[in-house]
Amino acid sequence: MESLETILKEKVNNGFDGFRLEFQPQFRAVDGSLYGAEALARFSCRGYGVVPPDKFIPVMEETGLIIPFGRWVFRKAAEQGKRWAEMNPGFQMSINMSGYQFVDPDVTDYMASILEEVGLPKENVILEITETYDISSSDEALATLGRFQTAGMRVAIDDFGTGSAGIMALKAHPFHMVKVARQFIPEPGNGKDDPFLAAISLLAHGVGAEVCQEGIETEEQYEAVRLAKVEVIQGYLLGKPVPAADFERRYLN
């Protein structure tokens, strides 16, 4: 059987055959209204079946395929976001970025050109970069972040609380959103966890960032997170990742 690396190269060079996007809904904590969606990449192929992102993304990063793949994801998500923003003008499309994309000197110009081409306002897009990638350790990444901000693009720091550089990054760079790792969701009856999420929320709000809590799976978690003054919630309790047609039918029609 061919290696996964070989198959991924073939698929990328063949119009991204086997790749697709799914979308997980995000909701405003204050009233449960639709906030937007996170675009999530999926891949399947003969021989391997469904390959989870934590298996194929590292291979693409190691081989440099992440650059063309990231551009493909951005275009597809922007096109879908354009349609949904027409149905719901405040709709936010969150698009994940690999740290490797931050060292692509042309990525900002590419994204700006795609948004102009498809007609999606930059205010309807949030670029997510995980905290586990220390953006402050790379001059190229810092320069790219600066270009995003100059261009008016919104950037979120994802998985906040799991890395070692999150607080320093938040202090140094005006992120628009902090997405808190699910490990900080207060558990029922475990009061010692409550101050952590509240403190993260206070810190983020202090630098003008919204807060999104991921991984909500129970009503009790929802209520605890809402009390911590989190603006946006996301998780299986409210909706799993689904294809675009299902998302539109369930949340926009």
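Visitor: Is F16 buried or exposed?
Guide: This is a predicted model, and in it F16 is buried, with a relative accessible area of 13%. The cut-off for buried is under 20%, so F16 qualifies.

Visitor: Where does F16 sit?
Guide: F16 lies in the loop between α1 (4-13) and β1 (19-28).

Visitor: And what is its phi?
Guide: Phi of F16 is near 65°, a positive value in a residue other than glycine. Most residues other than glycine have a negative phi.

Visitor: Is K229 buried or exposed?
Guide: K229 is exposed, at a relative accessible area of 61%. The threshold for exposed is over 50%, so K229 falls in that class, whereas F16 is buried.

Visitor: Back to α1. Which of its residues are buried?
Guide: In α1, the buried residues are L4, I7, L8, K11 and V12. Viewed down the axis of α1, they fall within an arc of 130°, so they line one face of the helix.

Visitor: Why would that spacing in sequence give one face?
Guide: An α-helix has 3.6 residues a turn, so residues three or four places apart point the same way.

Visitor: What do those buried residues pack against?
Guide: The buried residues of α1 pack against β1, β2, β3 (49-51), α2 (53-63) and α3 (66-87).

Visitor: New topic: strand β4. How many of its residues are buried?
Guide: Strand β4, residues 92-97, is mostly covered, with five of its six residues buried.

Visitor: Which strands does β4 pair with?
Guide: Strand β2 (residues 34-45) pairs with β4 in the parallel sense over four bridges. Strand β5 (residues 125-130) also runs parallel to β4, and five bridges join the two.

Visitor: What about Q101, where is that?
Guide: Q101 is in the loop between β4 and α4. Its relative accessibility is 5%, so Q101 counts as buried.

Visitor: Which residues is Q101 in contact with?
Guide: Leaving aside neighbours within four places in sequence, Q101 is in contact with I66, I67, G70, R71, N96 and V107.

Visitor: Now the whole chain. How many helices and strands are there?
Guide: The protein chain has nine helices and nine strands. It has 253 residues, of which 49% count as buried.

Visitor: And what is its accessible surface?
Guide: The accessible surface of the protein chain comes to about 11800 Å², and 52% of it belongs to carbon and sulfur atoms.

Visitor: Lastly, what share of the contacts comes from residues 24 or more positions apart?
Guide: Among contacts in the protein chain with a separation of 6 or more, residues 24 or more positions apart account for 68%.

Technical notes
Residues are numbered from 1 along each chain as its sequence is written. This is a predicted model: local features need pLDDT of at least 70, side-chain atom pairs count only at pLDDT 80 or more; totals for chains, interfaces and linings use all residues. Side-chain values use heavy atoms; hydrogens and water are left out. Buried means under 20% relative accessible area, exposed over 50%, partly exposed in between (1.4 Å probe, protein chains only). Two strands pair if DSSP finds at least two bridges between them. Contact means heavy atoms within 4.5 Å. Accessible areas come from the Shrake-Rupley method with a 1.4 Å probe; for residues, only the protein chains shown count as cover. The arc is that of the directions from the helix axis to the C-beta atoms.
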